Amino acid sequence: MNYIVTGGSGFIGSHLVEHLLKNGHSVINIDNFDDFYDYKIKIKNTLESVGEMLEFTFHEKELDIQKLIFETSSKNYQLYYQDIRDKEGLEKIFQKHKIDMVIHLAALAGVRPSIERPLEYEEVNIKGTMNLWELCKDFKIKKFINASSSSVYGNNEKTPFSEEDAVEKPISPYAATKKCVEILGHVYHHLYGIDIIHLRFFTVYGPRQRPDLAIHKFTKLISGDKEIPFYGDGSTARDYTFIEDIIEGIQKSIVYIETHDHVHEIINLGESEVISLDEMVTAIENELEKKSLKKNLPMQAGDVIKTSADIEKAKTLIGYQPRTHFQNGIKKFVEWFLRNGS
């Protein structure tokens with residue numbers, strides 16, 4: 001099969017690309033190496049995902065990315081340095097390749113930055129996704145998997161969060177863009193017969209996790225004997241989901257959508273195991289064998305109090321079964337962190 005993976009040089013994307021290539025598929029990776037975090041991290045992700053353990057000497061972003069494209073090109077893998085807001089640029093890629101499915105992971109991520117840059121989030125997350133659907137319509141591509149987010153639930157009073165819950169009260173622009181994309185997905189499914197699965201990811205962590213996310217950030221600060229920003233009283237909680245379980249969920253979604261027609265589904269991918277901020281910090285401290293230095297701060301705007309995934313639909317529909325308990329996941333992450341010096 002020939003898959004487009006948008007955001008294939010990011011955290012989740014690079015793991016998915018690695019998985020697809022190992023299973024004999026062809027991958028077209030579309031990534032714009034956004035400055036949200038250091039592009040060098042995405043280059044390392046890309047090299048790992050395609051099995052190239054090259055010594056990469058960094059010089060300047062544009063030159064480095066062109067070198068990366070040259071180094072990783074093969075008959076089974078193509079990398080395109082491309083922004084999804086640029087429909088004409090995307091169209092050239094669609095014209096060049098026979099595409100069986102689009103797996104759309106690219107997005108401007110982050111709840112807090114979206115409050116400061118809401119219009120940019122709308123451009124990337126909504127317009128960028130619509131560009132892809134327009135091209136799927138034009139090129140008769142009928143299978144599409146979209147990365148949504150648990151943030152669409154906001155401060156949902158009912159737990160665990162079910163796909164049947166009303167999600168009409170987002171509390172950040174990021175969450176609102178993700179919900180908007182789910183709604184628009186149904187439009188493209190209804191009008192043009194594009195089969196779509198929206199996967200609501202619940203706080204994904206593990207090797208290659210983005211450096212701005214709490215587990216990575218806290219591990220780096222604690223290991224360096226620096227203060228960690230500790231928001232609230234430690235009782236806020238997340239349904240942390242290990243990257244291997246997320247990749248399994250995406251793979252099972254691929255199989256489902258390939259073998260079924262008339263599909264438009266929203267599916268939670270979580271761990272069904274809620275961990276408080278206090279528990280998360282303690283787990284990292286235990287693995288590093290260091291105590292944290294906490295800088296106590298008030299809750300931030302846009303942050304939800306708790307996330308908790310009802311994953312019965314994922315279990316029933318696609319056979320999803322997360323296997324990584326949080327303590328073991330943190331152990332694997334910290335081992336990766338210490339090995340990579342990240």
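How many cavities of 30 Å³ or more does the structure hold? One. Here a cavity is a set of points on a 1 Å grid over the protein atoms alone, where a 1.4 Å probe fits but cannot get out.

A word on the source. This is a predicted model, so local features need pLDDT of at least 70 and side-chain atom pairs count only at pLDDT 80 or more, while totals for chains, interfaces and linings use all residues. Residues are numbered from 1 along each chain as its sequence is written, and side-chain values use heavy atoms, with hydrogens and water left out.

Now the whole chain. There are 12 helices and 13 strands. Those are DSSP runs, numbered from the N terminus: helices are H or I with at least four residues, strands are E with at least two. The C-alpha trace spans about 55 × 50 × 35 Å along its principal axes.

Next, the sheet. Seven strands form an open sheet in the order β3-β2-β1-β4-β5-β6-β11, with parallel pairing. Two strands pair if DSSP finds at least two bridges between them. At the edges stand β3 (77-81) and β11 (264-269); each has a single partner strand, so one side of each is left without a neighbour in the sheet. From one strand to the next, the twist averages 15°. Angles run from 0 to 180 degrees between N-to-C directions, and axes are lines fitted to C-alpha atoms, for helices over the stretch in contact.

Helix α9 (residues 243-259) lies across β1, β4, β5, β6 and β11. Its angle to β6 is about 165°. Contact means heavy atoms within 4.5 Å.

Look at β4 and β5. They pair in the parallel sense over three bridges. H104 has N146, in β5, as its bridge partner.

Back to the cavity. H104 and N146 both line it, and so do A106, A107, N125, T129, A147, S148, K178 and V181. A lining residue has an atom within 4 Å of a point. Which element gives the largest share of the lining? β5, with three residues. By class, the lining has four nonpolar, five polar and one charged residues.

Finally, two backbone details. The peptide bond from T159 to P160 is cis, with omega near -5°. P160 sits in the loop between β5 and α7. R208 has a positive phi, near 75°, and is not a glycine. R208 belongs to the loop between β7 and α8.

Technical notes: On a 1 Å grid over the protein atoms alone, a cavity is a set of points where a 1.4 Å probe fits but cannot get out, and a pocket is an open set with protein on both sides within 12 Å along at least five of seven lines; lining residues have an atom within 4 Å of a point. Grid points are joined across faces, edges and corners, and a volume is the space filled by probe spheres set on the points. Ala, Val, Leu, Ile, Met, Phe, Trp, Tyr, Cys and Pro count as nonpolar, Asp, Glu, Lys and Arg as charged, and the others, Gly among them, as polar.
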